[in-house]
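Please examine the structure shown below.

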Amino acid sequence: MLRWHRFLVGVAALIALGPAAGEAPPLAPDVAVQQARSVIDATLKEVLQVLAQKILSEADKKKRIEEIAYAHFDFDTMSRLILARNWRHFSQAQRDAFVAEFKKHLSLTYGENLMRYKNETVATTSARAEKNGDVKVRTKIVRSTADPLLIDYRLRQRETTWYVIDVIIEGISLVANFRTQTQAIISDVGADRLIERLRKKNAERAQQKKTTP
Amino acid sequence: MRGRCTRAACASLLIGALAGCSAPVGPDGRPVVDPHEAGNRSIFGFNEGVDYYVLNPLAEGWSTITFLDLRLSLNKFFYNLEFLVRCLSNLGQGEGKQAGVEVVRFLTNTTVGLLGFFDPASRLGLQRSDEDFGQMFAVWGMDGDPYWVLPFLGPSNPRDTLGFVFDSIFDLMLVFGLPIEIVNTRALRDREIEAARRSALDFYVFVRDAYLQRREAQVQNRKLREELDDETQGPGDDFYELEENDSESVP
């Protein structure tokens, strides 16, 4: 109840202050934290509902989960964080291609991982504001077949909506891991070959091939 | 807690300074994470071959002749026998209370939990703390460079290799049980490993980075894992700063 109350106060404050040209005014930290957390709560609920529908085929479920991921991840920001210094050396066409392929990559990863979970419970456990205005929401998946899994989501606000900009699984940041991989490839063979490799990998994965060393 | 962390940080800085810039620096001025990459890659390739031709087939066979609940219980049984590792490395980090909890957990799970095949201790609220000697040495100020890959054992570094030796000494598991433990663990982790291989652009770099990030997080976060405080896991704020654009083409 209190949560909703705070949320409404936040919304009222937003309207009263009148966001200038899409720029949201800085929110009080606890309002921001609450908003970001409710985004994750709602998303997890959506995903669980999809997974629980027995009439859907595995492919349909993947498709639905992909759509949910598309709606809540900020692929543009993630791509820029991944490419870091290399972003400015990419042409606009290369940037677009990278963002598009990364988007595919992430939803494939997200889909593949989620399909494995059966009879698991997942819930947000805490959330806090980071110094730069981002919010980190911590979730815990309790699994019957393994130890609990801690997944943190880092969110950033764009206009008035919160988007996921990183997923940190047991302390391993997906963006950082991908940055390390792409940096090595870019310095070895260049941007075009990186995009090509990502494209090939995505196509392979879509076909469900078993990997060989 | 905080005071001790600061001391540990100071100690590691001091030792780092004494060691005198031992980390090699690349042409771009940043430290090289993996100075032995070529050699590491060939050992990594060897390990992948061992996994593909030996370990994974064994794990698949194991999965067909056992049922999941047995594999999970065995996993708990092996974990229980490693309690001395967790207890002593907690003690070495000044975590007396956690060390005590590990002893109580062991006694509970070995008796009520039928030799550790079940884990009633967790249900009683006795939190496990996955410490090891590598983490203890890290808290003592030993740094983790250079990264290396060990045949059969995988990603490591001098500190964690030394830690592994101590872990093995204090593992109550009798040696003949080890093959079962390895195959059983591989069987339980099959889907995660397969998913990681699928998603990686360069599996070698993927594993190296995941290992480095995970160890760092484990060393940083010695507190109860669900508390979100200043010692939270993952990269710091600087990491999430966007590069300025010198191009006009981006909104």
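In this predicted model, B:Leu115 is located in the loop that joins helix H5 (96–111) to helix H6 (120–123) of chain B. Another loop of chain B, between S1 and strand S2 (154–156), holds B:Phe152. Most residues other than glycine have a negative phi, and most peptide bonds are trans. The table gives phi for these two residues, each of which has a positive value.

| Residue | Phi | Relative accessibility |
|---|---|---|
| B:Leu115 | near 65° | 54% |
| B:Phe152 | near 70° | 63% |

Exposed means over 50% relative accessible area; B:Leu115, at 54%, therefore counts as exposed, and B:Phe152, at 63%, counts as exposed too.

The peptide bond from B:Asp145 to B:Pro146 is cis, and its omega is near -10°. B:Pro146 belongs to the loop between helix H7 (133–139) and strand S1 (148–150) of chain B.

Between the chains, helix H6 (residues 174–189) of chain A packs against helix H11 (residues 203–220) of chain B at an angle of about 140°, the axes being 9 Å apart. H6(A) and H11(B) are therefore oblique to each other. Residues in this contact include A:Asn177 and A:Gln181 of H6(A), and B:Phe206 and B:Arg208 of H11(B). By class, the contact has four nonpolar, four polar and two charged residues.

The largest nonpolar core has 54 residues, of which A:Phe73, A:Phe98, A:Phe102 and A:Leu155 touch the most other members. Helix H2 (residues 29–52) of chain A contributes the most to this core, with nine residues. Another core, of eleven residues, lies apart from it and includes B:Phe44 and B:Val207.

Key
Residues numbered from 1 in each chain as written. Chains lettered and ligands numbered in written order. Predicted model: local features only at pLDDT ≥ 70, side-chain atom pairs only at ≥ 80, totals over all residues. Heavy atoms only, no water. Axes fitted to C-alpha atoms, helices over the stretch in contact; angles between N-to-C directions. Helix = DSSP H or I, 4+ residues; strand = E, 2+ residues; numbered from the N terminus. Parallel < 35°, antiparallel > 145°, perpendicular 65-115°, else oblique. Contact = heavy atoms within 4.5 Å. Nonpolar A, V, L, I, M, F, W, Y, C, P; charged D, E, K, R; others polar. Core = buried A, V, L, I, M, F, W, Y, C linked by side-chain atoms within 4.5 Å. Buried < 20%, exposed > 50% of the residue type's maximum accessible area, 1.4 Å probe, protein only.
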